[in-house]
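Please open the structure in your viewer and keep the selection tool at hand. The tour below goes stop by stop, saying what to select and what is to be found there.

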Amino acid sequence: MPYFPTKDHTTWATAPPKHPTPPLGTRPPAQPIPATCVSASKANHPPQPAQTTGQCPPTRKTQKTPADSHAPSCLSNLDEFGFTQHLPTAPGTLRIWQQNVCKSSAAQADILAAARPKEWDVLAIQEPYLDFLGNTRASSYWRVLYPSDHRKDGSTRSRSVLLINTNISTDAFTQLTIHSTDITAVCFAGKFSFLSLFNIYNDCKHNEVLTTLSSFLSSSAHIACPSASDCMLWLGDFNCHHPLWEPVDNHHLNSPKDFIQPLLDMLTAYNMELALPPGIPMLQTASNRWTRPDNVWRSHTDVDPIISCNIVPSLCPTRADHLPIVTEVELPVQRTSSPPSKDFHSVDWTAFNEALTEHLSTCSLALPILTEEAFDTKAQRRQADNLAYTFRDIPDHPAKAEAARLFREMADAIQSAKESHWKEWLENIDAQQIYTANKYVVRDPSNFSCDRVPSLKTSVDGTPSMATTNAAKAEALAESFFPPPPSPSVPLSAYLRPLPASPGLSRDCILVAIGNLLPFKAPGPDRIPNIVLKQCADALVNHLFFIFAAVFKLRVYRPSWLESTTLVLRKPGKPAYNVAKAYRPIGLLNTIGKLFSTMVAADISYLAEKYRMLPPGQFRGRPGRNTTDTMHLVVSRIKDAWRSDNVATALFLDVQGAFPNTVKDCLIHNMRERGIPTCYIQLAERMLTG
């Protein structure tokens, strides 16, 4: 980056500043920092041109950059059917939003609302909002990386977090272990090189963070930069002021030499260059002067990976006094390929039914309802922020008061919307949602982000090892969830005559089964949600009836109905989650096959109750019986024993892998012993054979 005036007269005070704001997505010319300009102890500071303001003009309104063009991207998030898509705009680059939110909940909520997942890859937050349990706030589109010493005994409050987009594969990045609560570091594995990103908050009273960073780099430089072509990126709030990056008229703010020297020495030692051009401020002080405590540095490489690095005033969140820095890095990383998510809460079911009846082979959704009121408010505030920054050197300019007013209104609107939404939901919940509300209150605290499975402890031929890649983790979890089934042991016995082979299948049964489905349960591989079946039951019932009837008549079972998606959930209350047994599986089956299985299970359950096939002490999976009945029975048996001066003893068994490892021969034997209809026994054989 250029630091000195050139022979061109336009670089001096009478002309526009040397570094106008470049449009995002364009690569600035790569000019390295002269080594003699980094360390104040080795050379005097080079002369700088006198400037009238010492700041750079903001982006012109006529420029449409990815960071500012929010209106078109609202529509580009939707496909032709109104389905939301979670796809990156530029998969070959990393787009980083750097922001100090001053511990404000409203500011962080504003960032999460504005940072659309298809436009941003990393949110580097300094001084994040943390609740009383030490959790920040995110959404399911982000994975939160805390500092390595976050919430450890004796540690201070964390002042740095990274939010990584979930469309970046967890195999593509690794968190670097730095024993500090103010540094969060991650190493991205690109297609051709590595990028180590350090999100840093340096206290204005000491340099302990810089000492910790220097210690890590001196011992682990091979991890941060495995080769000369790999790049390091230091970004964050450094609270250091120096003529190399401060506006020229801020000489009175320069940090003392003993405070700034450790940073300058590190910049020299690791050949770091400014990625954010000098002279661009992003913080307005109480005396209405603009300064630059935040910075972005990159290590020198033959090829500059930085496409652009600049401030974007229009993105500044409410209750935050630091302007955001947007950095775009050329780094193709491995992305996850997830299909578009579909919002079935906003469907026009009348139109959907009409289209489904006419074209049963297609799915057509009505466009979602878009309200313009909230968008207009944000657009006005973005425009006011740009104007306030443009006229930042003019005292008492009306644009500043207008921006401050909209700033306060937006913060109040965010808080009011959160409170009113929560109260309205609590006042209108039904009996089923009372349990959901209770879960929100009693469940373990969370930051509402997408969790990442850490490295898991495993063993290979009795030797302890660690599963670090996604493939190795999946294999370790599969071994835990699906242990080898026991060898079948079926005794020889005479079977009862099976009941009449007349499956309880009718159109009314299908409608009843559809009516009992929960509308918004997660679908399986076919991605057909229950709400579609419930809203379009009349249009689908005849087709489903003939499909289900063919299963019994032709003695077939569709192979796709045997496919399922297994999700991994953490078991609550575990001390550590680096072992596979701390997780439990959830199976998502194909919707049509699950509906058919539900009907068959309901009819078998009816036969079991009618003909008393189950022992009286069986409670699980029986209609009219639940866990409360079980507890009442256990308490009654214990009290009966006490009344007779006896001791009650109970034996509780946890059978590992009981449900996902059904032994087919034993199940068929038990069904025949109880006289289950032959058609259902044959169906079970076909299902378990696939």
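**First stop: a loop cysteine**

Select Cys102, which at 28% relative accessibility counts as partly exposed, a class that lies between buried (under 20% relative accessible area) and exposed (over 50%), calculated with a 1.4 Å probe and protein chains only. Cys102 sits in the loop between β1 (93–100) and α2 (105–114); here helices are DSSP runs of H or I with at least four residues, strands are runs of E with at least two, and both are numbered from the N terminus. Although Cys102 is not a glycine, its phi is positive, at about 55°. Most residues other than glycine have a negative phi.

Before moving on, note that this is a predicted model, in which local features need pLDDT of at least 70 and side-chain atom pairs count only at pLDDT 80 or more, while totals for chains, interfaces and linings use all residues. Residues are numbered from 1 along each chain as its sequence is written, and side-chain values use heavy atoms, with hydrogens and water left out.

**The whole chain**

Of its 690 residues, 42% count as buried. The accessible surface comes to about 37,300 Å², with 57% of it belonging to carbon and sulfur atoms; such areas come from the Shrake-Rupley method with a 1.4 Å probe, and for residues only the protein chains shown count as cover. If you display contacts (heavy atoms within 4.5 Å), then among those with a separation of 6 or more, 71% are accounted for by residues 24 or more positions apart.

Select Asn271 next, in the loop between α4 (257–269) and β9 (272–274). Its phi is near 55°, a positive value in a residue other than glycine, and Asn271 counts as partly exposed because its relative accessibility is 40%.

Go from there to Asn165, which belongs to strand β4 (residues 160–165). Is Asn165 buried or exposed? With a relative accessibility of 0%, Asn165 counts as buried. Its side chain makes polar contacts, meaning pairs of N or O atoms within 3.5 Å in which, within protein, one atom must be able to donate a hydrogen and the other to accept it, residues adjacent in sequence counting only if both atoms are side-chain atoms. A polar atom of the Asn165 side chain lies 2.7 Å from the backbone oxygen of Trp120, and a polar atom of that side chain lies 3.0 Å from the backbone nitrogen of Asn167.

Then select Asn516, found in the loop between α10 (507–515) and α11 (530–535). Asn516 counts as exposed, at 61% relative accessibility, and its C-alpha is 9.9 Å from that of Asn530, which is 14 residues away in sequence.

**Around strand β17**

Select Arg570 in strand β17 (residues 564–570), a residue that is partly exposed with a relative accessible area of 37%. Not counting residues up to four places away in sequence, Arg570 touches Asp451, Arg452, Pro454, Tyr577, Ala582, Tyr583 and Arg584.

**Towards the last two helices**

Select Val663, in the loop between α14 (627–643) and α15; Val663 is buried, with a relative accessible area of 19%. Leaving aside neighbours within four places in sequence, Val663 is in contact with Pro486 and Pro488, and its C-alpha is 8.0 Å from that of Ser487, 176 residues away along the chain.

Finish by selecting helix α15 (residues 664–673) together with helix α16 (residues 678–689), which pack at an angle of about 170° with their axes 10 Å apart; axes are lines fitted to C-alpha atoms, for helices over the stretch in contact, and angles run from 0 to 180 degrees between N-to-C directions. The two are therefore roughly antiparallel, a term for angles over 145 degrees. On α15 the contact is made by Lys664, Leu667, Ile668, Met671 and Arg672, and on α16 by Tyr680, Ile681, Ala684, Glu685, Leu688 and Thr689. These residues divide into seven nonpolar, one polar and three charged, where Ala, Val, Leu, Ile, Met, Phe, Trp, Tyr, Cys and Pro count as nonpolar, Asp, Glu, Lys and Arg as charged, and the others, Gly among them, as polar.

Note on methods. Angles under 35 degrees count as roughly parallel, over 145 as roughly antiparallel, 65 to 115 as roughly perpendicular and the rest as oblique.
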